[in-house]
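Here is a walk through a two-chain model, one region at a time. Have the structure open beside you as you read.

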Amino acid sequence: MTADASVSSALPGRRRLASRTVATRALAALPLLALVLWLPSTNDTYGHVATYAAIFIMVGLSMNVLTGYTGQISLGHQAFVGLGALTAANVVKTGIVPADPFMFGVGMVCASAASGVAALLLGAVALRIRGLYLALVTLVFGSVFADAIFTLPSLNGSDAGVSAYRPNSLASDYRYFLFALLLAAGCLYIDQRVRGSKVGRGLIALRENELVAQAYGVSVLRYKLIGFTISGAMAGLAGGVAAFWSQEFSDKNFTDVAGFNLALTFVVIAVVGGLGSRGGVVLAAIFFALTSPISPLLQSLANAMHWGTYYGNNKFYVSNVIGAVLLLQTVILNPGGLGQVLRPFSRWFAGHPFSLHDPDGGDTTAMEGGGVRA
Amino acid sequence: MLEIRDLTIRFGGLTAIDGLSLKVDEWEIVGLMGPNGAGKTTAFNCITGFYKPTRGHVLYHGRDVTRVPPHRKAAMGIGRTFQNVGMVKSETALENLLTAQHTKAGYAALHGIVGSGVARTREKDLVAHAEAILDLLGLSDIRDRRIGGLPYGTLKLLELGCALATDPELLLLDEPSSGMGPEESDELGDRLLALRRELGVTMLLIEHHVPLVTAVCDYVYVLNFGKLLAEGDAEHVRNHPEVVAAYLGTEAVAG
């Protein structure tokens with residue numbers, strides 16, 4: 001290619017200026033970061049819930065890679081999270097003593113690897129079928145896989161659960177939160193790198209049009225499997241963190257209705273957050289963690305309004321209804337999800353002038369363009 | 001460079017292409033014409049590997065590539081555009097040009113996922129290359145626009161840019177001038193000739209616009225109902241009685 005490169009030579013100056021603006025504006029996010037780091041340290045319950053939010057962020061990003069970028073739907077993601085939890089608990093085998101730090105690390109890696117491989121296998125199925133049929137297959141895969149493997153007595157501690165005590169250095173809820181936050185940040189980094197490299201571009205091209213992707217040289221086979229594997233590995237890691245968060249692996253969290261509820265919540269996080277929108281998905285994950293039945297947030301809100309008993313009896317329904325309502329709201333009124341709402345801010349942080357009107361319309365096609373094949 | 005030998009493809013009872021043979025030599029711009037449903041796009045899909053022909057061979061640089069899958073053909077240097085604009089609609093013009101450089105990225109997928117130094121350096125090169133292509137086509141001002149809302153003519157031009165970004169030796173263009181007015185189409189003709197002159201790209205194009213074909217094509221094949229009707233230079237083909245009959249009906253010829 002002998003085209004002249006004078007365009008790019010004019011850019012560095014402008015770019016340096018932009019990066020200084022970005023650095024200044026990033027300072028605006030510091031109070032938020034301070035809040036995230038400080039609040040969970042004030043009380044054990046906050047630390048516990050904040051860790052749950054970090055786990056949801058990891059799963060949310062896992063869904064973002066699979067559904068947002070690759071355009072494949074999964075209604076069986078609880079199986080990958082559960083497999084991660086099961087693997088971590090069984091590899092580390094703490095018994096009644098705190099985990100050995102080295103084995104703990106090995107357990108996390110194994111959790112991620114196991115779910116990555118399982119997702120790869122599901123991806124092989126997805127090469128053959130698409131749309132509603134794929135959604136059905138993932139649904140069946142999720143529940144059958146969970147019911148068949150998680151309930152094996154040798155793997156679930158003979159139905160009593162497998163204990164997973166944290167290593168001493170992470171014993172406090174706050175420390176464990178910092179650990180989970182670090183891994184969530186790691187997933188965020190991977191998501192960002194995927195999006196900024198040929199991998200994410202290949203996945204998105206696949207999502208929109210397999211013929212075009214192939215004409216650009218993207219192998220459908222390879223990239224679908226890559227999408228599934230990255231997603232599975234993130235979900236497995238989240239599962240590993242979850243096992244040591246609750247300090248045991250119990251199959252009951254991932255099978256039957258509880259498991260299906262989780263799977264639905266994961267899909268809702270991805271859609272409400274905005275398909276393919278990292279920031280939106282993180283925000284949605286935090287929201288759904290804070291309004292989940294394990295969080296005291298809604299309980300204290302209900303107490304204040306004298307509905308405490310009612311809420312206490314109906315926690316699970318309430319969180320399902322919140323998810324369903326937000327899902328409908330997103331699909332009908334705001335197809336770009338939270339990511340779309342956040343765009344003026346994300347553009348501002350990227351060094352553009354602040355404007356509520358989005359000059360290029362934003363990426364709403366992830367939903368509209370039939371991108372998600374279901 | 002490209003040779004098709006006795007290509008036949010059937011879909012159930014329909015013979016879309018029947019014993020087509022054609023040849024494209026290095027540096028040539030070859031036109032493929034024919035009425036709607038003649039099998040032109042089907043021929044493209046056989047060349048690029050989206051369809052597996054029932055019979056016959058596709059040779060590229062003398063090598064039989066009939067069964068090579070499409071994404072590998074892209075890596076071999078066969079670029080293509082689509083009839084109804086094939087690009088990633090939710091992405092910006094720049095991102096589309098980056099996507100198109102997939103096989104030229106020069107780093108492994110894993111490097112991209114973990115964000116290694118190699119990938120970051122190469123990404124900068126890819127952006128510079130994409131910007132150079134935008135500049136070449138005079139599209140620099142739509143660099144960061146999502147392409148979903150752009151006018152059709154601009155999309156066609158950008159798609160040509162994307163096809164160029166795959167760094168092809170052979171470019172298959174499916175109706176590059178559709179949606180363009182006469183002036184734009186003249187401009188496109190000059191552009192195609194310039195591309196050949198500067199980049200040495202060989203082209204095979206499906207085109208209905210006769211002035212454009214006459215201006216750029218060294219050789220023209222005309223298809224009708226999957227069969228080769230006529231071949232030769234543009235002037236010869238244009239006056240060929242069977243070609244006129246195929247386009248306008250037999251009475252027009254008689255009259």
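B:I4 sits opposite B:V58 in β4(B). These strands, β1 (residues 2–11) and β4 (residues 55–60) of chain B, run antiparallel and are joined by five bridges. Helices here are DSSP runs of H or I with at least four residues, strands are runs of E with at least two, and both are numbered from the N terminus. Two strands count as paired if DSSP finds at least two bridges between them.

The whole sheet is open, has four strands in the order β2-β1-β4-β5 (chain B), and pairs antiparallel. At its edges stand β2 (14–24) and β5 (63–64) of chain B, each with a single partner strand, so one side of each has no neighbour in the sheet.

This is a predicted model, by the way: local features need pLDDT of at least 70, side-chain atom pairs count only at pLDDT 80 or more, and totals for chains, interfaces and linings use all residues. Residues are numbered from 1 along each chain as its sequence is written, while chains are lettered from A and ligands numbered from 1 in the order in which they are written.

Helix α1 (residues 40–48) of chain B lies across β1, β2 and β4 of chain B, at about 65 degrees to β2(B). Angles run from 0 to 180 degrees between N-to-C directions, with axes fitted to C-alpha atoms, for helices over the stretch in contact. Contact means C-beta atoms, placed from the backbone, within 7 Å.

Eight of the nine residues of α1(B) are buried, including B:F44, B:C46 and B:I47. Buried means 20 or more other C-beta atoms within 10 Å of a residue's own, exposed means 12 or fewer, and partly exposed is in between, again with C-beta atoms placed from the backbone. After the helix comes B:G49, with a positive phi near 95 degrees.

The other sheet is open too, with six strands in the order β6-β7-β8-β3-β9-β10 (chain B) and mixed pairing. Its edge strands are β6 (78–80) and β10 (227–232) of chain B, and the twist averages 20 degrees from one strand to the next. α1(B) packs on this sheet as well, touching β3, β6, β7, β8 and β9 of chain B, and makes about 150 degrees with β7(B).

Leaving out residues up to four places away in sequence, A:I269 touches A:F56, A:G60, A:M63, A:V281, A:A284, A:A285 and A:F288.

## Where the chains touch

In all, 36 residues of chain A are in contact with 46 residues of chain B. The largest share of the chain A side, seven residues, comes from α9(A). Helix α9 of chain A also holds A:L203, which is buried, with 27 other C-beta atoms within 10 Å.

Conventions
Two residues are in contact if their C-beta atoms, placed from the backbone, lie within 7 Å.
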